[in-house]
Amino acid sequence: MPVNPAQLSIVLYPDEALRKSTESVDPHDPNVQAVAARMIEIMFEAHGAGLAAPQVGLNWRLFVTRNPEDEDGGLAWMNPVLTPSMDVPREADIEGCLSLPGIEVLVERPMQVRLDAFDINGEPVTCDHVDMARVFQHEFDHLEGVLIIDKMTMMERIRNRKLLKDLQRAHG
């Protein structure tokens with residue numbers, strides 16, 4: 001069933017779409033390509049670094065990111081396969097999420113990964129851009145139903161308890 005890209009918007013925690021497993025998309029389907037293009041627009045409107053399909057209520061294996069080579073451009077990653085680079089250092093940094101406004105979590109991740117996917121034109125692409133490693137991993141987690149709150153320490157859970165309860169009350 002086709003999706004109307006104009007009706008897409010960011011869903012907030014605890015929306016069940018954020019926890020569902022995702023399914024492969026046809027990277028040559030014009031509707032999938034239109035959804036990816038709209039997701040790029042939504043990401044920029046929300047001032048995000050990336051946006052995954054579950055964040056707009058779709059159980060598709062698709063996410064978009066800013067283009068590290070063009071600050072005004074976005075990239076689509078359909079049916080991505082993420083491969084952590086072996087023997088690379090890990091780094092902890094603060095991450096936020098468009099579906100969890102106001103919540104920040106210190107997340108440790110490998111500093112380099114390889115991403116194989118299909119782009120917005122349905123062409124196969126590979127990227128191991130170091131500056132994108134954290135964003136790739138964050139968005140890929142969304143495709144697996146994993147949120148930054150799943151990576152919280154006990155102290156972070158305590159510190160963010162009120163924000164999480166407020167989100168659950170407002171959107172649960």
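Predicted model: local features only at pLDDT ≥ 70, side-chain atom pairs only at ≥ 80, totals over all residues.
Local features are given only where pLDDT is at least 70, side-chain atom pairs count only at pLDDT 80 or more, and totals for chains, interfaces and linings use all residues. Residues are numbered from 1 along each chain as its sequence is written, and side-chain values use heavy atoms, with hydrogens and water left out.

**View A. A patch of negative charge lies on the surface.** The patch gathers Glu69, Asp70, Glu71, Asp72 and Asp131. Patch members have over 30% relative accessible area and no salt bridge, and like charges are joined within 9 Å; a salt bridge is a side-chain nitrogen of Lys or Arg within 4 Å of a carboxyl oxygen of Asp or Glu. Asp72 belongs to strand 3 (residues 70-84), a strand being a DSSP run of E with at least two residues. Asp72 is exposed, at 65% relative accessible area; exposed means over 50%, and buried under 20%, with a 1.4 Å probe and protein chains only.

**View B. Tyr13 and Pro14 are joined by a cis peptide bond.** Omega of this bond is about 10 degrees. Pro14 is placed in the segment before helix 1 (30-45), a helix being a DSSP run of H or I with at least four residues.

**View C. Asn79 has a positive phi.** The angle is about 50 degrees, although Asn79 is not a glycine. This residue is found in strand 3. Asn79 counts as buried because its relative accessible area is 16%.

**View D. Asp87 also has a positive phi, near 55 degrees, and is a residue other than glycine.** Asp87 is found in the loop between strand 3 and strand 4 (90-95). With 82% relative accessibility, Asp87 is therefore exposed.

Key. Patch = residues over 30% accessible without salt bridge, like charges linked within 9 Å, V, L, I, M, F, W, Y side chains within 5 Å. Areas by Shrake-Rupley, 256 points an atom, 1.4 Å probe, with all protein chains shown as cover. Lys, Arg positive; Asp, Glu negative; His and termini not counted. Charge placed at Lys NZ, Arg CZ, Asp CG, Glu CD.
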